Amino acid sequence: MHLEIRQTKDGSNTLYVPELNEHYHSVHGALQESLHVFIKHGLENVLQNKKDIKILEVGFGTGLNAILTYPFALAKKAFIQYDTLEKFPLDKKVIMQLCFDKAILNPELYEVFQQMHNAPWNEPVDIIPYFTLQKIHETLEEFCSPAAYYDIVYFDAFAPEKQPELWSDEMFAKLYKATRPGGMLVTYCAKGSFKRSLKAAGFEVEALPGPPGKREMTRGVKPVEDSQ
């Protein structure tokens, strides 16, 4: 797959896939999008009430969401288990060409970022005592999760029209079962068909202000009283 590096409006870089006419992150700001969608409206929300958090990410990609999550384990002394699915890992040379070190990461974080990408697949790796990373070389369709296990799902797949198989009722029913009662799914997408799939799975759907360039984003919450 051919990839091109493109700079986004906040100065951070992303990858463009010509075959799909799709970017890995928002062209309005890769960094801003990840911080707004996954950190502000996902992680920070859960950290208000829990300090032992299990995260499932659908789409490891460049590793941006993982490295932005990591500092919270340090600052809050929260134990974070970060499981991330990626069937088609990016070449490490491509990752380094994104120059996240120059744009958004200090030297210490960049060293951790490299450690994440050098970590073996399909086994838990303690990045620090507070942060365990497990990169899982599977698709969401292949993945088998314990029931009611994850506190947050970072749903960061390509757009529905690019990867429709990941945006089906079946996949969101699967993620609903994997989410603990009171847990949540967060994503940049705000399409009506997607929201209906979330509701059909059982999530309570919230439309939240979107990151720069998007009017809305979506958060689905599993009802606390649902012990499924």
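Predicted model: local features only at pLDDT ≥ 70, side-chain atom pairs only at ≥ 80, totals over all residues.
## A strand covered on both sides

Let's start with strand β7. Both of its faces are covered: F131, L133 and K135 on one side, and T132, Q134 and I136 on the other, are all buried (buried means under 20% relative accessible area, exposed over 50%, and partly exposed in between, using a 1.4 Å probe and protein chains only).

Residues are numbered from 1 along each chain as its sequence is written, and side-chain values use heavy atoms, with hydrogens and water left out.

## Who pairs with β7?

Which strands are joined to β7 by bridges? Strand β5 (residues 79–85) is joined to β7 by 6 bridges, and the two run parallel. Strand β6 (residues 125–128) is joined to β7 by 3 bridges, and that pair runs antiparallel. (Two strands pair if DSSP finds at least two bridges between them.) To find these pairings on screen, look for I136 in β7, the bridge partner of L85, and for V125, which stands opposite L133 in β7. A hairpin takes the chain from β6 to β7 through 2 residues.

Now follow L85 the other way. L85 in β5 is also the bridge partner of V58. Strand β4 and β5 run parallel and are joined by 7 bridges. β4 (residues 52–58) is mostly covered, with 5 of its 7 residues buried.

The loop between β2 (13–17) and β3 (22–23) holds E19. Is E19 buried or exposed? E19 counts as exposed because its relative accessibility is 51%. Its side chain reaches the backbone nitrogen of H2 at 3.2 Å. E19 and H2 are 17 residues apart in sequence, and their C-alpha atoms are 7.6 Å apart in space. N21 is in the loop between β2 and β3 too, and N21 has a phi near 50 degrees, a positive value in a residue other than glycine.

Two packed helices are described by the angle between their axes and the distance between the axes. Here, axes are lines fitted to C-alpha atoms, for helices over the stretch in contact, and angles run from 0 to 180 degrees between N-to-C directions. Angles under 35 degrees count as roughly parallel, over 145 as roughly antiparallel, 65 to 115 as roughly perpendicular, and the rest as oblique.

Take helix α6 (residues 169–178) and helix α7 (residues 192–201): their axes come within 8 Å and cross at roughly 45 degrees, so α6 and α7 are oblique to each other. D169, F172, A173 and Y176 in α6 meet F194, S197, L198 and A201 in α7 (contact means heavy atoms within 4.5 Å).

Helix α2 (residues 64–76) and helix α5 (residues 107–118) have axes that come within 10 Å and cross at roughly 125 degrees, so α2 and α5 are oblique to each other as well. A66, I67, Y70 and P71 of α2 make this contact with L109, V112, F113 and M116 of α5. In the loop between α2 and β5 you'll find K77, which has a positive phi of about 50 degrees although K77 is not a glycine.

## A buried histidine

Finally, look at H36 in helix α1 (residues 30–47). Why does H36 count as buried? Because its relative accessible area is 14%. Leaving aside neighbours within four places in sequence, H36 is in contact with H41, P209, G210, P211 and M217.

How values were computed. Helix = DSSP H or I, 4+ residues; strand = E, 2+ residues; numbered from the N terminus. Polar contact = N/O pair within 3.5 Å; in protein donor to acceptor, adjacent residues only side chain to side chain.
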